[in-house]
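Reader: I'm new to this one and would like a close look at a single part of it. Could you pick a spot and walk me through what sits around it?

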Amino acid sequence: MAIAALLLAAGFTATARAEDPAYITIATAAPDGAYHRLGLDTCRMINRRCAGRGLRCVVEPTNGTGDNLLHIAAGHVDLAFAQLDGVVRDQPDAILVSERGRCTTHADGDAPGDDRVLTGTEEALFILRRAEAGDRASPADLAGLLQMPGTLVSLGPAGSGTRNLAEALLAYLGIDLPAGREVALPADLQLPALCRQDVDIIFRMLAPARAALLLNAPRDSCRLQLIPVPADDPPGAPPLTRAVGVERRVITLSDLPEGDMTVMTVTAPMVVLASPGLCAAGGGKLPPLLRNALLAAIKPDPLPETTLPAATPAGCAAGP
């Protein structure tokens, strides 16, 4: 990392040898999540063009937003993916990446010329329990279920965006989780634990399409039911967007056996964080190759790979 930091601070000097490359490190999330896949796609494009040319891109699996904010603040990584609500709440001065590769902050807003902050997949917070009977989308009292005697809950792993948002949402709604009711679980063990009845309710951030697949998939005869977020604000509460930096929304899940299903939840878009060293190396902007690789991996209509800059030694090893 020390070598990488020196090379980055020098602007990816063109004298970097192929056998001693500079590294771009991207903090993502759990290996089965959307953030990790986006990081792999970004690195794959960079490494394909820069093979043997002085720059190597690697991904760092993490627990998600909370971990990534710590990593980027400490300078341990060059780029990181995070939920916007976590940035606004916990690190409002973090450096974000715009669609044109400019280094900015959330407080700066969008630049002239419609240079928006680069946002990616908008995931929703889904609250799930085992379906005992009836419609999987039937209304359920979130506060009543969480406070029911003996109910065990998984809010998501420490350091994850799921847990951060779940805690903020419960605080906003004025729901107190009784002591001793939370079970600490990694993200990939939440669903198996729910079906084994080791826990009764789990919180998971998922893209709506993945949630539909999850509800369709047979898991040891465990049918799942969505618990909707309450549609009304608590008395005297500020709007949800100002309270926790996310948006309340009705999500429609399609291609389910019972037809389309809707549920009230909250959504949080993903943003890209950049380290001060990486921004300084490019004079306040990301190198074009890196910026275009991010765009191609993240945007709903990705750029064709041919639009990436030519893989010249200077493009891979030097700053813009």
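Author: Let's begin with Glu182, which is partly exposed at a relative accessible area of 31%. (Buried means under 20% relative accessible area, exposed means over 50%, and partly exposed is in between, using a 1.4 Å probe and protein chains only.) Bear in mind that this is a predicted model, where local features need pLDDT of at least 70 and side-chain atom pairs count only at pLDDT 80 or more, while totals for chains, interfaces and linings use all residues. Residues are numbered from 1 along each chain as its sequence is written, and side-chain values use heavy atoms, with hydrogens and water left out.

Glu182 has a partner: it makes a salt bridge with Arg163, with 2.2 Å between the closest N and O atoms. Arg163 belongs to helix α6 and Glu182 to the loop between α6 and α7 (187–195), so the pair ties together parts that are 19 residues apart in sequence. Arg163 itself is buried, at 18%. A salt bridge here is a side-chain nitrogen of Lys or Arg within 4 Å of a carboxyl oxygen of Asp or Glu, and by that rule there are 13 of them.

Now over to helix α4, where Asp85 and Arg89 are four residues apart, or about one helical turn. In general, an α-helix has 3.6 residues a turn, so residues three or four places apart point the same way. The side chains of Asp85 and Arg89 form a salt bridge, at 3.1 Å from N to O. Asp85 is buried, with 0% relative accessible area, whereas Arg89 is partly exposed at 32%. Arg89 also has a salt bridge with Asp90, at 3.6 Å from N to O, and Asp90 is partly exposed at 47%.

Just after α3, Gly75 has a positive phi of about 75°.

Finally, a word on β3. Five of its five residues are buried, so β3 is largely enclosed by the rest of the structure. Both its faces are covered, with Leu79, Phe81 and Gln83 buried on one side and Ala80 and Ala82 on the other. Strands pair if DSSP finds at least two bridges between them. β3 runs parallel to β1, joined by two bridges, and Ala80 in β3 stands opposite Ala27. With β11, β3 runs antiparallel, through five bridges; there, Leu79 has Ala274 as its bridge partner.
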